[in-house]
Amino acid sequence: MITHKKTKNGFAYIEIVNKNACARVALQGAHLFHYRQQDKNPLLWLSEKSFFENDKAIRGGIPICWPWFGKHKTDPDLPQHGFARTSLWTLVETEEPDEFSTELLFQLENSPDTLKLWPHQFKLQLRVMVSSTLQLNLTTKNCSTESFEISSALHSYFAVHDIDTVFIEGLDNCSYFDALTKEIKTQKGNIYIREEIDRVYQNVPPRLTLHDQERSVQIRSQGSSSAVVWNPWIEKSARMGDMIQDAYKNMLCIETANALTDAQNIGPGDDHTVIVIIF
Ligand code: TA6
């Protein structure tokens, strides 16, 4: 079942319910902010203090960072993580192949507003597949006559039972840029979270696992060889207006990205797709 809904303050989203799972996707940013497999706890984290307001990114779920990841390379006045997550997308297709799965296709195209921020003609599509697995396919099409470069991230916020007991498996021996120290380092073994962490891993394998007390979450990727790991820890989460003080204890970002050396150059008429599958 696919239902168009609005929050009390009129923020539009779509609710998906089938026999395997339920999910919610905001039209702003095509932002999936809830996913729960049948009879299980939500897989994704959503801040209790998240805004559901125009031009403010929802804190949690899977924001789409596009057409640049992080700060804009040259213009500090441009929005962090690009404009896709705060733009109003269009729901162009819905499909319910059976009672166990649901597919939605969202689209964002260049407009006078986007051209002011990023002078390229594009079509951006997000296909969301909700079943016992959650799959997002983000496709960038270059509709202009010149190449352009994008960096991006499917910025997944995972709900965790207790940050002190989780670990990430699969990034052993991967090099990473440590955004806190600005150094390039190499990961040794699994990743445990004992302080603020903000790292962009490169040459990342297509299979990562988040081990939580109650479950292991599989993260599969295609079209991406970089991954971002982020937890704001105590001080930063206390400073964030859309997170409660101890929110850091129950969330961990493992983002499927095309970031830093994995930025993508797309030729005229060409396209690039990055995929994440979570289960
Ligand atoms: O997840 C990586 C990161 O770039 C962090 O540095 C942190 O800023 C996070 O994204 C959240 O960014 P946001 O703009 O959503 O507050």
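Ala21 lies in strand β3, which covers residues 21-26. Strands here are DSSP runs of E with at least two residues, helices are runs of H or I with at least four residues, and both are numbered from the N terminus. The model is a predicted one, in which local features need pLDDT of at least 70, side-chain atom pairs count only at pLDDT 80 or more, and totals for chains, interfaces and linings use all residues. Residues are numbered from 1 along each chain as its sequence is written, and side-chain values use heavy atoms, with hydrogens and water left out.

Ala21 has a relative accessible area of 1% and is therefore buried. Buried means under 20% relative accessible area, exposed means over 50%, and partly exposed lies in between (1.4 Å probe, protein chains only). With neighbours within four places in sequence set aside, Ala21 is in contact with Ile16, Tyr35, Arg36, Gln37, Gln38, Val130 and Ser131. Contact means heavy atoms within 4.5 Å. Thr102 is 81 residues from Ala21 in sequence, and their C-alpha atoms are 9.3 Å apart.

Ile16 is one of the contacts of Ala21. Ile16 sits in strand β2. Its relative accessibility is 0%, so Ile16 counts as buried. Beyond four places in sequence, Ile16 touches Met1, Ala21, Cys22, Ala23, Val25, Thr102, Leu104 and Val130. Ile16 and Thr102 are 86 residues apart along the chain, with 7.2 Å between their C-alpha atoms.

Asn18 occupies the loop between β2 (12-17) and β3. Not counting residues up to four places away in sequence, Asn18 touches Gln38, Glu99, Phe100, Ser101, Thr102 and Val130. The C-alpha atoms of Asn18 and Glu99 are 5.7 Å apart, although 81 residues separate the two in sequence.

The wider chain comes next. The protein chain has 2 helices and 23 strands. Its radius of gyration is 18 Å, close to the 19 Å that the globule rule gives for 279 residues, so the chain is as compact as a globular protein of that length. The radius is taken over C-alpha atoms, and the rule is 2.2 Å times the number of residues to the power 0.38. The C-alpha trace spans about 45 × 45 × 35 Å along its principal axes. Of the 279 residues, 53% count as buried. Among contacts with a separation of 6 or more, 61% join residues 24 or more positions apart.

The protein chain exposes about 12700 Å², and carbon and sulfur atoms supply 47% of that area. Accessible areas come from the Shrake-Rupley method with a 1.4 Å probe; for residues, only the protein chains shown count as cover. The chain carries 28 positive and 35 negative charges, whose mean positions are 3 Å apart. Lys and Arg count as positive and Asp and Glu as negative, while His and the chain ends are not counted. Each charge is placed at NZ of Lys, CZ of Arg, CG of Asp or CD of Glu.

The largest nonpolar core has 61 residues. Such a core is a set of buried Ala, Val, Leu, Ile, Met, Phe, Trp, Tyr and Cys residues joined through side-chain atoms within 4.5 Å. Trp66, Trp89, Phe106, Leu134 and Leu252 have the most contacts inside the largest core. Strand β8 (residues 122-130) gives this core its largest share, 5 residues. Another core, of 9 residues, lies apart from it and includes Met243, Ala247, Met251 and Cys253.

Trp66 has contacts beyond four places in sequence with residues including His81, Phe83, Trp118, Phe122, Leu138 and Ile150. A cis peptide bond joins Trp66 to Pro67, with omega about 5 degrees. Pro67 falls in the loop between β5 (64-65) and β6 (90-98).

Trp230 is placed in strand β20 (residues 226-231). Its relative accessible area is 9%, so Trp230 is buried. Outside its four-place neighbourhood, Trp230 touches residues including Arg59, His155, Tyr157, Met251, Leu252 and Cys253.

Asp55 has a positive phi of about 70 degrees. Asp55 is in the loop between β4 (31-37) and β5, and is exposed at 63% relative accessible area. Lys182 has a positive phi near 65 degrees. Lys182 lies in the loop between β14 (175-178) and β15 (183-186), and at 59% relative accessibility it counts as exposed.
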